[in-house]
Amino acid sequence: MTLVAGIDSSTQSCKVVIRDAETGKLVRQGRASHPDGTEVHPDAWWTALQSAIAEAGGLDDVAAVSVAGQQHGMVVLDENGEVVRPALLWNDTRSAGAAADLTAELGGPEKWVEAVGIVPVASFTLTKLRWLARNEPENAARVAAVCLPHDWLTWKLSGSTSLDDIKTDRSDASGTMYWSAATNQYRPDLLELGFGRAIGTPEVLGPTGIAGHIKEKIPLGPGAGDNAAAALGTGALPGDVIVSIGTSGTVFVSSDVAPNDPSGAVAGFADTTGRFLPIVVTLNAARVLDAAAKLLSVDHDELSRLALSAPAGADGLVLVPYLQGERTPNRPDATGAIHGLTLKTSDPAHLARAAVEGMLCALADGLDALVARGAQANRIVLVGGGARSEAVRRIAPALFGKPVLVPPPGEYVADGAARQAAWVTLGGDAAPTWSAEAPETYEDKPVPLIREQYAAAQQAVLDRPR
């Protein structure tokens, strides 16, 4: 049996899976937590990775390893390869002003879409580099190179200390704002526009490129951004739109065509296979359920039961879930809001229902944006921690208007990384096909009232003075 390892270094934790390269059978796994926050020193990821590897039984018997990770995080290194300052993560919104400035400086959203397929928002790496240059000039002066979380971890696993040996992949590079998925090239002029001077960037590898070796013998795959890895890990078919409910909410689909969306709602990322990954991302997903459960002093099972005991539409109670600001729509300073609170709706069941519906409505808006930009959407594949909620699974079809498939719970980002590692090991024109357990299918008639109520409440929030 040839074994491969897939690693998912997410916002909240590090997961390691060891799988059979040919069949995908899970052999063993490990996990370790990351510190909370929107600013984290990369050393914390390295410590967690070592713990997760140890819990998974080590890597000495694997044929290849690949690392997937949270996207956009700014890891800046000095000329000796030392971390200059803690990484600013994707969900750190302090660079919102920098995003607005960069948009204007290039001539508007359309110019950015033409250049790199995305419109600046606070999540993207270049906006964080602009923030660093403006607000921490002494740290900025020390920066010799910039990379992303999975790039840095792959480099650390290789044991190299040379900045020239840092590698990345198309999927993660496409979320930086200084690399174009359409042309497969860096835009050094945009990097200089954002940071003020040239700095080193990782080489961008193809789907089976070798990013280094562990102990000079175990090849390291190119890695991937977390959403691209999840797309590979689920084995989604053409027309399957993946909705992932984790710390963030994501709606994405693999495509042969790069999207063109000057509104910024749909980002033109790349996938792990050489194609494109149009994606819509929200900042608020599973944590909306966490917040509702905390507010009601219940666990998630009881939150789900309460939500399903209330009527569809919660009798007009609507939760607009901008608890951490929001990325889509781009309102980093927004806050959440509850609309339609009456004596009738002032109970736990209605609030639980409103929380689930509000979170799903935000994701359904993302699906609409993808379809409007030409994406094929036959079915929804629902993954992530939020998919474990029965209320989420049962309510989702009424809001998405499509059949919803829920695969068995799993570590789909780590699985995607493992499948990429298998591709590196086994070769071939495509990643190996792994059998998977049959998903549960949920279907329901659309309930337009829920989306209409949400749209009205959302507009009231968006109309507030900034």
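On a 1 Å grid over the protein atoms alone, a cavity is a set of points where a 1.4 Å probe fits but cannot get out, and a pocket is an open set with protein on both sides within 12 Å along at least five of seven lines; lining residues have an atom within 4 Å of a point. Grid points are joined across faces, edges and corners, and a volume is the space filled by probe spheres set on the points.

The model is predicted, so local features need pLDDT of at least 70 and side-chain atom pairs count only at pLDDT 80 or more, while totals for chains, interfaces and linings use all residues. Residues are numbered from 1 along each chain as its sequence is written, and side-chain values use heavy atoms, with hydrogens and water left out.

**Exercise 1. Describe the cavities.**

Solution. Start with the count: the structure holds 5 cavities of 30 Å³ or more. Next, take the largest cavity, which has about 60 Å³ of space. Its lining consists of 13 residues, and those nearest the centre are Asp 169, Gly 206, Pro 207, Asp 271 and Thr 272. Finally, sort the lining by class (Ala, Val, Leu, Ile, Met, Phe, Trp, Tyr, Cys and Pro are nonpolar; Asp, Glu, Lys and Arg are charged; the others, Gly among them, are polar). This gives 3 nonpolar, 7 polar and 3 charged residues for the largest cavity.

**Exercise 2. Describe the second largest pocket.**

Solution. First comes the volume: the second largest pocket contains about 720 Å³ of space. The lining of this pocket numbers 31 residues, with Gly 233, Thr 234, Tyr 412, Ala 436 and Glu 437 closest to the centre. Then look for the elements behind the lining, remembering that helices (H or I, at least four residues) and strands (E, at least two) are DSSP runs, numbered from the N terminus. At least two lining residues each come from strand E2 (13-20), strand E3 (26-33), helix H9 (226-234), strand E22 (379-383) and helix H14 (412-426). By class, the lining of the second largest pocket has 14 nonpolar, 9 polar and 8 charged residues.

**Exercise 3. Summarise the fold of the chain.**

Solution. Begin with secondary structure: the protein chain has 15 helices and 24 strands. For overall dimensions, the C-alpha trace spans about 65 × 55 × 40 Å along its principal axes. Now compare the radius of gyration (taken over C-alpha atoms) with the globule rule, 2.2 Å times the number of residues to the power 0.38. A compact globule of 466 residues would have a radius near 23 Å, and the 21 Å of the protein chain agrees with that.

Burial is next (buried is under 20% relative accessible area, exposed over 50%, partly exposed in between, with a 1.4 Å probe and protein chains only). Buried residues account for 59% of the 466 in the chain. Last, consider contacts, meaning heavy atoms within 4.5 Å. Of the contacts between residues at least 6 apart in sequence, 73% join residues at least 24 apart.

**Exercise 4. Find the backbone exceptions.**

Solution. Recall that most residues other than glycine have a negative phi, and most peptide bonds are trans. Thr 328 and Pro 329 are joined by a cis peptide bond, with omega about 0°. Pro 329 belongs to the loop between strand E20 (318-320) and strand E21 (337-339).

For phi, Glu 216 has a positive value near 65°; this residue is in the loop between strand E13 (212-214) and strand E14 (218-220) and is exposed at 77%. Ser 297 has a positive phi near 55°, lies in the loop between helix H10 (286-296) and helix H11 (300-309), and is exposed at 67%.
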